[in-house]
Amino acid sequence: MVGPIENGFAVTPADGADQAQVCRAIWIGGSGDLKVTTRGGDTFTLVGVPAGTLLPLRATRIWSTGTTATNLVALY
């Protein structure tokens, strides 16, 4: 998909469930670590993400365990 973001939703990190929609980016409102699983199936933790960061990644899951960043918004 090419073009600007059209939709978004507040993220509630969860260890046992994927997001309802694969996002194209994640807004980090409060600094911390972010553990994600990408659309390609890789799981990793981004450590020390500053508040106000827009991460351009396609994530299917944002994990509760390992995520300390807050005020997350998934954009698609």
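1. Strand E2 and strand E5 (residues 53-55) run antiparallel and are joined by three bridges. Within this pairing, Ile26 stands opposite Leu55 in E5. Strands here are DSSP runs of at least two residues, labelled E and numbered from the N terminus; helices are runs of H or I with at least four residues. Two strands count as paired if DSSP finds at least two bridges between them.

2. On the basis of the values: this is a predicted model, in which local features need pLDDT of at least 70 and side-chain atom pairs count only at pLDDT 80 or more, while totals for chains, interfaces and linings use all residues. Residues are numbered from 1 along each chain as its sequence is written, and side-chain values use heavy atoms, with hydrogens and water left out.

3. E2 also pairs with E7: five bridges join these strands, which run antiparallel. Here Ile26 stands opposite Ala74 in E7. Strands of a sheet pair through backbone hydrogen bonds, either parallel or antiparallel.

4. E4, E3 and E6 form an open three-stranded sheet in the order E4-E3-E6, with antiparallel pairing. Strand E4 (43-49) and E6 are its edge strands, each pairing on one side only. Neighbouring strands of the sheet are turned by 35° against each other on average, direction ignored; the axes are lines fitted to C-alpha atoms (for helices over the stretch in contact), and angles run from 0 to 180 degrees between N-to-C directions.

5. E3 and E4 pair over five bridges in the antiparallel sense, and Gly32 has Val49 in E4 as its bridge partner. The two strands form a hairpin with four residues between them, and Gly41 in the turn has a positive phi of about 100°. On its E6 side, E3 is joined by three bridges, again antiparallel, with Val36 opposite Ile62.

6. Five of the seven residues of E3 are buried, so the strand is largely enclosed by the rest of the structure. Buried means under 20% relative accessible area, exposed over 50%, and partly exposed in between, with a 1.4 Å probe and protein chains only.

7. Which residues touch the most other members of the largest nonpolar core? They are Ile26, Ile28, Leu34, Ile62 and Leu72, out of 14 residues. At least two core residues come from each of strand E2 (25-30), strand E3 (32-38), strand E6 (59-62) and strand E7 (70-75). A nonpolar core is a set of buried Ala, Val, Leu, Ile, Met, Phe, Trp, Tyr and Cys residues joined through side-chain atoms within 4.5 Å.

8. Leaving aside neighbours within four places in sequence, the contacts of Ile62 include Val11, Pro13, Ala14, Ile26, Leu34, Val36 and Leu72. Contact means heavy atoms within 4.5 Å.

9. Thr60, in strand E6, is buried, with a relative accessible area of 16%; not counting residues up to four places away in sequence, Thr60 touches Asp18, Gln19, Val22, Thr37, Thr38 and Arg39. Thr70, in strand E7, is partly exposed at 39%. With the sequence exclusion of up to four places, Thr70 touches Ile28, Gly29 and Gly30. The C-alpha atoms of Thr70 and Asp33, 37 residues apart along the chain, are separated by 9.0 Å.

10. One aromatic pair is found in a search of the whole structure. Phe9 and Tyr76 form this pair, which is tilted, at 6.0 Å centre to centre and 55° between the planes. Rings of Phe, Tyr and Trp (its six-membered ring) pair if their centres lie within 6.5 Å; planes under 30 degrees apart count as stacked, over 60 as edge-to-face, the rest as tilted. The pair links distant parts of the chain, with Phe9 in strand E1 (residues 8-10) and Tyr76 in the segment after E7, 67 residues apart. Phe9 is partly exposed at 24% relative accessible area, and Tyr76 is partly exposed at 25%.

11. Trp63 has charged side chains over its ring. The charged end of Lys35 sits 4.6 Å from the ring centre, and Arg61 lies over the face at 4.9 Å from the centre. The criterion is NZ of Lys or CZ of Arg within 6 Å of the ring centre and within 35 degrees of the ring normal.
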